[in-house]
Amino acid sequence: MGGFSGFTAGIRALRAAQLALETTGHNIANANTPGYSRQRVELVEALPDLTPWGVKGTGVEIARIARIREGFLDIQLRNETKLLGQWEEIEKFLSRLELYFNEPSDEGLNKLLSEFWGRWEDLSLTPEEQTSRSNVLHQSEMLTAHLNMLYEKIQGLRYDADEAIKAYIQEINSLASNIASLNDRIRFYEVGDFVANDLRDQRDEMLRRLSELIDFTTEEQPDGTVLVSVGGVNLVDRVSATTITYRYNEEGHVVPIWEMNNAPVQARAGKLKGAMIARDVKIPAYLDRVNQIARTLIVEVNRQHTQGWGLEGFSSLTSSYALQDADASISSSDSGLDFYDVVSDGSFVITVKDTAGNTLSANTISITSGAGGTSANDIITAIGSDFSSGISHLRAYLDSDGHLHVEAEDGYRFFLNQDGSGALTALGLNVFFKGNSAGTIAVSDPIASNVKYISASASGEIGDGNNAIAIARLKDADLMEGGSATIYDYYASTLGMMGVDKREADNMKEAQETLITHIKNSIEEISGVSLDEEAMNLMRFQRAYEAAAKYINAVDELLDILINEVAG
Amino acid sequence: MRISTNMIYEKAYRNLTLAFDRFIRLQEQIATGKRINRPSDAPADVTQDLLYRKELDDIAQYQSNIGYAQSWMSVADTALSNVTQLLNNAKAIALEQGSDSADEQTRRSAALQVDSIIGQIVQLANTKHGNRYIFGGYRTRTQPFTREIVGGKEVVRYNGDEGAMYVEISKGIQMQLNQIGRNIFADPQTMIRGANVNATVTPITETTLLSTFNSGSGVHAGTVIIHNGNQTATISVNPTDTVGDVLNAINSAGINVVAEINEAGTGINLRSTVSGTTLSVESTQTAQDLGIVGLDESDDIFGVLLRLKEGLEGNDANKILQVAGEIDSVIDKALQAWVEVGTRAQRLEMTRSKLDSELVNITNLLSEVEDADMADVTVKLTKEQNIYQSLLKSLTTVIQPSLLDFLK
């Protein structure tokens with residue numbers, strides 16, 4: 001035995017203890033670093049010496065600094081995180097949607113509908129009073145303003161989703177390029193058997209964050225780099241990342257595409273998908289239902305309104321809806337009318353009176369539906385394009401925007417009503433509402449400027465409120481869902497649907513959170529830093545270091561005796 | 001199981017968040033008093049919630065409608081009760097002045113009284129509710145009854161129409177609000193009561209010859225010109241005709257006039273089959289012989305009262321007594337209208353109390369669906385508060401010490 005071999009073992013022990021202490025320090029320092037895996041110095045016995053007396057130990061050897069991590073838990077975590085991201089996103093948009101509808105309350109659409117029908121009932125009791133007419137107008141404007149607001153907010157939510165999608169795309173690109181550059185550095189460090197522990201931790205963390213945004217598969221390459229693939233396209237391949245960008249579709253919404261070939265990105269989960277589901281599926285369903293309510297109100301109230309008489313006749317009237325083809329049947333979509341489909345065979349009546357109120361003529365205009373049916377020009381011909389032809393004292397013409405005008409000669413007034421054909425509703429003549437959706441519904445121009453045009457009377461007499469009653473009674477009529485639901489039923493079930501949707505998102509989000517907590521615990525159980533444990537290690541390796549130092553001291557003293565006293 | 005330091009914090013954080021979330025939700029229920037603050041709080045109940053709210057709004061509207069109808073009925077009630085009273089006064093006058101103790105003097109002053117009664121009833125028939133005449137049909141801004149002189153004869157004209165107003169008193173149930181003035185005060189069937197033709201054979205029948213009229217001096221040949229509204233018919237009459245010939249000629253003239261022999265069989269009555277028109281026969285010799293000259297004389301309140309006034313002014317005891325007999329039937333008519341108002345008022349009151357109890361029921365149902373159970377929520381809130389606080393307490397003992405605290 002060489003007398004100096006004792007030093008070798010001692011130094012090895014010192015070095016091992018020191019490295020272990022440093023690693024403990026590293027662990028303590030990173031106890032709160034997201035994604036950090038604790039590290040351990042793995043020690044093995046050094047190669048023994050063969051001596052005449054047997055195999056003698058030569059101390060300790062440092063095998064490597066290991067990262068304590070279970071790779072499959074990371075994959076599980078990413079799989080659940082992408083679903084959490086998706087449901088979080090859907091939940092976020094649905095909870096805002098709920099806020100906009102503001103139900104149940106005394107400020108929502110439900111209440112406004114009740115107030116609206118209520119004012120018609122009031123009007124039916126005192127149809128000749130200016131105040132009851134003004135109340136109908138005022139309440140109708142509150143109703144239409146609320147519908148407009150709902151439309152704007154819901155539509156705005158879809159554009160908010162677009163902004164979110166753009167931000168996620170940016171984040172995905174930034175994470176992808178980080179992962180690519182980490183790939184590069186890991187490849188550089190991991191020559192031979194070395195493992196770039198901390199870089200791998202960082203990469204795993206980046207992948208976790210990426211999984212919040214989008215779903216992907218990973219495959220580790222022999223050189224230590226990871227291949228990240230989204231819907232079959234490589235987002236990160238070794239050291240390079242592919243950029244995602246976006247284009248706008250016909251509706252003006254954002255579609256994520258691959259920059260290299262403009263192909264759409266196939267996201268199946270994550271926040272990106274969540275925002276797209278909210279924007280393209282969840283929110284439009286409610287927008288559509290609000291539009292249905294508005295369209296039903298427009299058509300059904302107008303249909304009844306065009307039966308009755310206002311307090312005053314018109315001296316001129318412009319149709320609310322514009323025609324694209326004045327020669328096409330007004331019952332066909334070619335006419336360009338929004339509500340062409342309400343037109344059926346029937347007729348309406350144009351009554352001409354002088355300003356004293358004496359009836360001069362009552363003219364029935366017959367309407368036929370179907371191909372080759374009555375066109376706007378046919379109606380113009382029936383009324384006549386000057387005051388003498390067709391109906392005396394009236395003329396009709398089409399303006400350059402396609403609106404139909406009817407005008408009376410000075411000193412004459414006319415009424416349009418008793419419409420059994422739906423033509424007046426489709427054209428928007430003597431109607432109460434104009435517009436074609438929740439976004440555009442409004443009180444028609446003549447009534448907004450003069451409430452005397454509100455058709456409360458079914459007979460033309462001022463004290464008659466029967467047409468107002470008929471309109472008020474629409475509230476309990478099964479006008480929606482193919483004649484099986486009232487407007488209230490439809491609206492209430494819309495909110496029921498919303499509650500279920502939101503609750504589903506809440507539940508899914510909560511379930512994913514629980515699952516993820518579980519997986520994170522498992523990861524923490526294996527990879528997390530325990531300060532108690534590290535404190536103990538600190539003591540342990542400190543003591544080991546002290547002992548090794550003492551051992552070297554002992555070896556030194558032995559040599560001292562040998563050299564100075566024996567040799568001396 | 002290995003516990004990392006992070007895990008302790010993470011778990012503590014998650015537990016705290018969950019406990020606090022439950023706490024906040026309960027607190028919201030206490031603050032709003034509602035179990036459902038947004039659809040997702042109770043997706044299964046929110047639909048019903050909204051429909052109950054709609055029902056409550058409906059009931060409030062029906063109650064407001066009923067309130068309006070009730071005030072209308074009370075106005076009508078006052079008017080009709082006064083009319084009945086005035087008619088009884090008129091009857092008393094007629095009976096008194098028809099007796100032998102009355103003379104021209106008393107009758108003249110009674111005529112003034114009757115004139116005043118007519119004026120008062122016209123005023124009552126023109127009663128308004130707010131700005132609306134209640135007995136004029138849809139013509140609520142036109143005075144329904146006006147006193148006019150037509151052809152030298154005093155009449156009360158009806159200017160309203162037959163428009164029926166309705167009020168919705170509960171879901172799908174409408175009640176007529178107004179009563180048509182013509183039906184109460186003016187006979188819808190205007191008629192000319194023929195004078196006694198003094199036939200030699202009574203009662204006259206369709207086969208009676210016109211030559212028996214006027215004590216046997218018969219009827220002059222000529223025409224009878226009848227106006228009904230804006231329709232006119234000219235009938236030729238020969239002295240050799242029978243009564244039946246004349247009746248047929250008038251009935252087939254196409255002017256909506258029915259001619260018939262009166263109940264006593266002493267003369268011919270003409271009746272319009274359309275309401276609201278003025279019926280008159282021009283004063284030709286032939287018409288005078290047939291006893292059918294003049295304007296319509298109706299059975300209605302004003303017709304009777306005007307005839308009473310005429311009788312009093314003309315000091316005609318027979319006419320006064322005849323009218324005294326007729327007054328009973330018009331009193332009946334006024335009473336009928338009055339009773340109708342009472343019936344409607346009663347129906348309104350019943351519906352209102354039914355709606356009141358419905359209101360209570362639905363409010364309760366809504367409350368069950370929507371309101372937070374305060375006792376329950378308060379207990380739960382206290383529980384959650386305890387959980388939250390003990391969580392915090394236990395955390396301070398778990399998190400605070402680590403081995404590092406004990407190392408020197």
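A:Arg247 has A:Val255 in S10(A) as its bridge partner. This is a predicted model: local features need pLDDT of at least 70, side-chain atom pairs count only at pLDDT 80 or more, and totals for chains, interfaces and linings use all residues. Residues are numbered from 1 along each chain as its sequence is written, chains are lettered from A and ligands numbered from 1 in written order, and side-chain values use heavy atoms, without hydrogens and water.

Strands S9 (residues 244-248) and S10 (residues 254-258) of chain A pair in the antiparallel sense over five bridges. Pairing requires at least two DSSP bridges between two strands. Strands (E, at least two residues) and helices (H or I, at least four) are DSSP runs, numbered from the N terminus. Five residues lie between the strands of this hairpin, where A:Gly252 takes a positive phi near 85 degrees.

Now the helices. H2 (residues 71-101) and H6 (residues 270-305) of chain A pack at about 30 degrees, with axes 7 Å apart. Axes are lines fitted to C-alpha atoms over the stretch in contact, and angles run from 0 to 180 degrees between N-to-C directions. H2(A) and H6(A) are therefore roughly parallel (angles under 35 degrees count as such). Contact means heavy atoms within 4.5 Å. Among the residues that meet are A:Phe93 and A:Leu97 in H2(A), and A:Ile283 and A:Tyr286 in H6(A).

Last, the domains. Chain A divides into domain 1 (5-68 + 528-566), domain 2 (74-86 + 163-284) and domain 3 (102-158 + 287-485). These bounds come from an automatic or database domain assignment. The centres of domain 1 and domain 3 of chain A, taken over C-alpha atoms, are 93 Å apart.

How values were computed:
Angles under 35 degrees count as roughly parallel, over 145 as roughly antiparallel, 65 to 115 as roughly perpendicular and the rest as oblique.
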